[in-house]
Amino acid sequence: MNKSKKCLAFDFGASSGRLIAGIYDGEKVVLEEIYRFNNEPIRIKNHVHWNLKSFYNHILNGLATASSIIGEFDSIGIDTWGVDYCLLDKEEKPLHWPFQYRDTRTKGISDEIPIPFEDFYSKTGIQYLSFNTVYQLFTDFKTNPELYKKAEYLLFMPDLFNHFLTGNMKTEYTIASTSQLLNVYSKQWDFDLINQLEFPKKIFQEIISPGEIHGYLLDKHTKQLGIKSVPIISVGSHDTASAVAGIPLEHEDSAYLICGTWSLLGLERQDPIINEKSLIQSFTNEGGISNTIRFLKNINGMFLLQQLRKDYNQNYNKNIDFPDIIKAAKLTDEKFYINPNHPSFLSPDNIIEAIRSYCISTKQGEPNNLGEWALAIYNGLTREFKEQLLNLEKITGNKISQIHMVGGGIQDELLCQLTANATNKKVVAGPLESSVMGNIMVQLYALGEFSTLSETRQVIKKSVSQKVYEPK
């Protein structure tokens, strides 16, 4: 078997997107960044949307750039954030600009849903988040009857991009699991819930598993770009699913902590956990690679520091970057903290004012400088990591020995060390590009290079560097 493979991974995050090539020589995977761009939502009539035209242009530009840099490649895989989607008409044309999940249009809509949340949770295992697909879709159909009449297809963001490349209409399992409409046991659409909500059944597409071929690059793209047709692989198209697959987990008592725009803390399991404790503590059961379940807690993440940088620069006419924020936090002894999951931090107009208000209302005093605002975020995140790690142990009965931290947040050594200190657990940081690595590994699996998830993780461990933080 020819062991030299080149796979392209599109990894779209909530703030940026990139195309990275993974080159596999039979022993290790070497990553090479090909293309990167900012992913800025657009505002239309006071609502926040994703810019589809920009995405399409970047996908094509990325493929053209890849061809010029590495020549021919063997496959393509796409992963994105969860829950968001686009509705298409009978001619397969988008009916609207997809809403960004931080848009506030779903506020209070759960009170109008005719199904108790406990019923949702018993069937889907998905925690309540106001922006889950079910609430977005209910809002869209309630506020726009024409959309309901014209909608023929629902595609999540990675499914939409795959459709653009292949012309095929399919939905990948891990992204569908974020919708709160997928049955966690059958791994198929729960049409009992869908019928009760009076959603049209026709819009829900066939579900395929990670590792299946979604389709092949259309002729119009190959001719335009001057490249050969290659398979578009259905990877773990929810970026968290790819990220977990990209972690060299070795023990059942190892938790993972994915540090991106969101922080995802959890365990990889074979079966869902759905009981009163998991319901009360808002743990979720999302689909993973190789029929696994990602039992995890969603916690607000690096978005908070990104907003602090943005708002501080705007408010004070500065140009600071993350090293400046870290330095300021290290020089601060105050013990301010926030609750990162408090509603005021989901989509704040000004995070500095939100931090001040939260600290004053919780009788901590008033933080007044960059270091104090930053440390309030760091302390808030790590306190939440500690609390949810304890909840994870109580619910699962597993005594967790260490935490695997991955994602962009591990570049922040202060966050890694404070996490080890707060949780009193050893932190193993790396790989940085876990979602890309997981994306590429599923492509290699589909191309016949591996037969099990454990095989891919052995290769990942050989291919990446990791750093250990002991609690102090």
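Modeller: Phe161 is buried, with a relative accessible area of 0%; buried means under 20% relative accessible area, exposed over 50%, and partly exposed in between (1.4 Å probe, protein chains only). The model is predicted, so local features need pLDDT of at least 70 and side-chain atom pairs count only at pLDDT 80 or more, whereas totals for chains, interfaces and linings use all residues. Residues are numbered from 1 along each chain as its sequence is written, and side-chain values use heavy atoms, with hydrogens and water left out.

Rings of Phe, Tyr and Trp (its six-membered ring) pair if their centres lie within 6.5 Å; planes under 30 degrees apart count as stacked, over 60 as edge-to-face and the rest as tilted. By this rule there are 27 aromatic pairs. One of them is tilted and joins Phe12 to Phe161, at 5.1 Å centre to centre with 45° between the planes. This pair links distant parts of the chain, 149 residues apart: Phe12 lies in strand S1 (residues 5–12) and Phe161 in helix H5 (residues 157–166). Helices (H or I, at least four residues) and strands (E, at least two) are DSSP runs numbered from the N terminus.

Tyr128 and Tyr135 form an edge-to-face pair, 5.3 Å centre to centre and 65° between the planes. Here Tyr128 is partly exposed at 35% relative accessible area, while Tyr135 is buried at 2%.

Ring pairs also build a cluster, with Phe10, Phe12, Tyr35, Phe37, Trp50, Phe55, Tyr56, Trp81, Phe161 and Phe164 as its members.

Strand S1, which carries Phe12, belongs to an open sheet of six strands in the order S3-S2-S1-S6-S12-S11, with mixed pairing. Strands pair if DSSP finds at least two bridges between them. At the edges are strand S3 (29–38) and strand S11 (212–216), each of which pairs on one side only. Neighbouring strands of the sheet are turned by 25° against each other on average, direction ignored; axes are lines fitted to C-alpha atoms, for helices over the stretch in contact, and angles run from 0 to 180 degrees between N-to-C directions. Strand S6 (residues 75–79) pairs with strand S12 (residues 231–234) in the parallel sense over two bridges, and Gly77 stands opposite Ile233 in S12.

Helix H1 (residues 52–70) lies across S1, strand S2 (16–24), S3 and S6, running at about 140° to S3; contact means heavy atoms within 4.5 Å.
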